[in-house]
Amino acid sequence: MTREEFKTLVKGMKAVYAQPTFIPDQDAFNVWFELLKDIPYQQANVAIQKYMLTEKFPPTIADIREKATQIVESVDSSMSELEAWSLVRKAVRNSGYHSVEEFEKLPEACQRAVGSAANLKEWALMDSERVETVEQSHFIRNYRTTVQRISEEKKLPESIRLLIASMRDNALELEKKEQPALEAKKQAEEKTEPEPGMSEETRAKFQQVMRNLQGKV
């Protein structure tokens, strides 16, 4: 949408909503245009008309973006929570050795609810009863939140959506880089744990020896 096209829309809105505080000056106009210019003119025009026909008070930028999204958004075809879990459960079965491939096959909402391929692998190694109860419950809660977040993101300008996606990708990349170090640390800690059957005296001696060894490193 061009500035001239948006100017036409603003004139129409001001004819209906005559409050002096509604887009009162050029600065306000510039802000509104920057946050709405990614919407095609015809889509914005229909969204604004739809708003003006149903609402008594002046719209906000968020109101217009929401109406514009509703116009082009198909009937909600997102999977139910249980359908999504069914896909994830199938992926878990094959994630003992192929977690990355299985993770990449999942729809975006499922990926974001699962978190990472490492989580799929962890679930694959878990007791199946725990996966079907505790982890299923966690996933469904995450999936519900994720679907809502994706719906909200659709209302954002493309530039902001791309920025969010970039930040998310960077976070996942950082997590991948840190994973080997975290696993190595965990293994090292497990090796330094005393045997569970030790007496308190033996345990104390063991811990003292480990402290002495660590002090020499």
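Where is aspartate 38 found? Aspartate 38 sits in the loop between H2 and H3, in a predicted model whose local features need pLDDT of at least 70, whose side-chain atom pairs count only at pLDDT 80 or more, and whose totals for chains, interfaces and linings use all residues. Residues are numbered from 1 along each chain as its sequence is written, and side-chain values use heavy atoms, with hydrogens and water left out.

To begin with the overall picture, the protein chain holds 11 helices and zero strands. Helices (H or I, at least four residues) and strands (E, at least two) are DSSP runs, numbered from the N terminus. Along the sequence, the pattern reads α-α-α-α-α-α-α-α-α-α-α. Of the 217 residues in the protein chain, 26% are buried; buried means under 20% relative accessible area, exposed over 50%, and partly exposed in between (1.4 Å probe, protein chains only). Contact here means heavy atoms within 4.5 Å. Among contacts between residues at least 6 apart in sequence, 64% join residues at least 24 apart.

Not counting residues up to four places away in sequence, aspartate 38 touches Arg65, Leu156, Pro157 and Glu158. With arginine 65, the side chains make a polar contact at 2.9 Å. A polar contact is a pair of N or O atoms within 3.5 Å; within protein, one must be able to donate a hydrogen and the other to accept it, and residues adjacent in sequence count only if both atoms are side-chain atoms. As for leucine 156, its C-alpha atom is separated by 9.4 Å from that of aspartate 38, although the two residues are 118 residues apart along the chain.

The aromatic rings come next. A pair of aromatic rings is described by the distance of the centres and the angle of the planes. Rings of Phe, Tyr and Trp (its six-membered ring) pair if their centres lie within 6.5 Å; planes under 30 degrees apart count as stacked, over 60 as edge-to-face and the rest as tilted. Searching the whole structure gives eight aromatic pairs. In one of them, phenylalanine 6 and phenylalanine 33 have ring centres 5.9 Å apart and planes at 40°, so this pair is tilted. Phenylalanine 6 belongs to helix H1 (residues 3–16) and phenylalanine 33 to helix H2 (residues 26–36), so the pair ties together parts that are 27 residues apart in sequence. Both phenylalanine 6 and phenylalanine 33 are buried. Phenylalanine 22 and tryptophan 32 form an edge-to-face pair, with 5.5 Å from centre to centre and 90° between the planes. This pair links distant parts of the chain, 10 residues apart: phenylalanine 22 is in the loop between H1 and H2, and tryptophan 32 is in helix H2. Phenylalanine 22 is buried at a relative accessible area of 6%, and tryptophan 32 is buried at 11%. Ring pairs also link Tyr17, Phe22, Trp32 and Tyr51 into a cluster.

The loop between H1 and H2 also contains isoleucine 23. Isoleucine 23 has a positive phi of about 45° although it is not a glycine, and it is buried, with a relative accessible area of 5%.

Turning to helix packing, the axes of helix H5 (residues 81–93) and helix H8 (residues 117–124) come within 9 Å and cross at roughly 70°. Axes are lines fitted to C-alpha atoms, for helices over the stretch in contact, and angles run from 0 to 180 degrees between N-to-C directions. H5 and H8 are therefore roughly perpendicular to each other; angles under 35 degrees count as roughly parallel, over 145 as roughly antiparallel, 65 to 115 as roughly perpendicular and the rest as oblique. From H5, Trp85, Val88, Ala91 and Val92 meet Leu120, Trp123 and Ala124 in H8.

Cysteine 110, in helix H7 (residues 108–114), is buried at 0% relative accessibility. Leaving aside neighbours within four places in sequence, cysteine 110 is in contact with Met79, Ala84, Val88, Phe139 and Tyr143. Threonine 146 has its place in helix H9 (residues 128–153) and is buried at 5% relative accessibility. The side chain of threonine 146 reaches the backbone oxygen of asparagine 142 at 2.8 Å.
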